[in-house]
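Subject: Structure handover

Hello,

Here is the structure I promised to pass on, with my notes on it below. Please have it open while you read.

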Amino acid sequence: MPHPPGKPPGCRPYRVTDSAGYLAGLWSIKRFVIDRRTEMEGSFRGSAEFRAADAAGAAGAPEGALLHREEGQLIWGGRTYPATRVLRLLPRPDGTAEVTFADGRHFHELDLRSGDWSVVHPCAADRYEGRFTVCSPDEWHLQWRITGPAKDQLLQSVYRRRVP
């Protein structure tokens, strides 16, 4: 069962000095997905890796960029599907970062320095409201609330650092 929108229960924001530096490495992901229109629920389990884009072979990535690649299994409607997504993080000297789609289009800003960050991303007529909460050196949570004419969804993810 998902928790209500807002700060994850039992998680007090943990400050980091460098958003991209904190995320660098390998993480496990557990994600709960609910479609409020259809009342369908699903889940995703997999991994995320944040690594130097040039080391990942990401052609055209700006110097210093991190490639964020997620891979795993989505269980939806009683069926299991492979699922992937790729984003880029462009670190800034002040500890913040810009997040872009794999093709370089802007997605959102990211500032984890306080341990808690909210963002809004308009996508056509839909609205994506994200909340990032860093809980510890090895755990962070991400919640997306998506509303609009095409969607009414809630995605809640827990990322835990993995040792390679």
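A disulfide here is a pair of cysteine sulfur atoms within 2.5 Å. Please keep in mind that this is a predicted model.

**The disulfide**

With that cut-off, the count comes to 1 disulfide. Its partners are C11 and C135, with sulfur atoms 1.9 Å apart. The torsion about the S-S bond of C11 and C135 is about -105 degrees, so the disulfide is left-handed. C11 sits in the segment before α1 (19-23) and C135 in strand β8 (residues 126-136), so the bond ties together parts that are 124 residues apart in sequence. Both C11 and C135 are buried. Another cysteine, C123, is partly exposed, with a relative accessible area of 34%.

**The sheet**

On to the strands. An open sheet is formed by 10 strands, in the order β6-β5-β4-β3-β2-β1-β10-β9-β8-β7, and the pairing is antiparallel. β6 and β7 are the edge strands, each pairing on one side only. From one strand to the next, the twist averages 20 degrees.

The hairpin that joins β8 to β9 passes through 2 residues.

β9 in turn is joined by 9 bridges to strand β10 (residues 152-162), and these two run antiparallel. There, T147 stands opposite D152 in β10. D152 also comes up in another pair: its C-alpha atom and that of E39 are separated by 9.9 Å, although the two residues are 113 residues apart along the chain. E39 is found in the loop between β1 (25-35) and β2 (40-52). Is E39 buried or exposed? E39 is exposed, with a relative accessible area of 67%.

Elsewhere in the sheet, strand β3 (residues 66-76) and β4 pair in the antiparallel sense over 11 bridges, with G72 opposite A83 in β4. These two strands form a hairpin with 2 residues between them, where G77 in the turn has a positive phi of about 60 degrees. β4 also pairs with strand β5 (residues 97-101), antiparallel and over 5 bridges, and L89 stands opposite V99 in β5. The hairpin of β4 and β5 has 5 residues between the strands, and G95 takes a positive phi near 95 degrees.

**Pockets and cavities**

How big is the largest pocket, in volume? It has a volume of about 580 Å³. Of the 23 residues that line the largest pocket, R31, R85, Y128, I146 and L155 are the closest to its centre. Two or more lining residues come from each of β1, β3, β4, β7, β9 and β10, and β4 gives the most, with 5 residues. By class, the lining of the largest pocket divides into 15 nonpolar, 4 polar and 4 charged residues.

The second largest pocket has a volume of about 200 Å³. Its lining has 14 residues, of which K30, R31, F32, Q156 and V158 lie nearest the centre. β1, β2, β9 and β10 each supply at least two residues to this lining, with β10 giving the most, 4 residues. The lining of the second largest pocket has 4 nonpolar, 6 polar and 4 charged residues.

The largest cavity has a volume of about 90 Å³. It is lined by 14 residues, and H68, L87, V99, H108 and F132 are the closest to its centre. β4 (79-91), β6 (106-110) and β9 (139-147) are the elements that give two or more residues to this lining. The lining of the largest cavity divides into 11 nonpolar, 2 polar and 1 charged.

Key. Residues numbered from 1 in each chain as written. Predicted model: local features only at pLDDT ≥ 70, side-chain atom pairs only at ≥ 80, totals over all residues. Heavy atoms only, no water. Buried < 20%, exposed > 50% of the residue type's maximum accessible area, 1.4 Å probe, protein only. 1 Å grid on protein atoms, 1.4 Å probe; cavity = no way out; pocket = protein on both sides within 12 Å on 5 of 7 lines; lining within 4 Å. Points joined across faces, edges and corners; volume = space filled by probe spheres on them. Nonpolar A, V, L, I, M, F, W, Y, C, P; charged D, E, K, R; others polar. Pairing = 2+ DSSP bridges. Axes fitted to C-alpha atoms, helices over the stretch in contact; angles between N-to-C directions.
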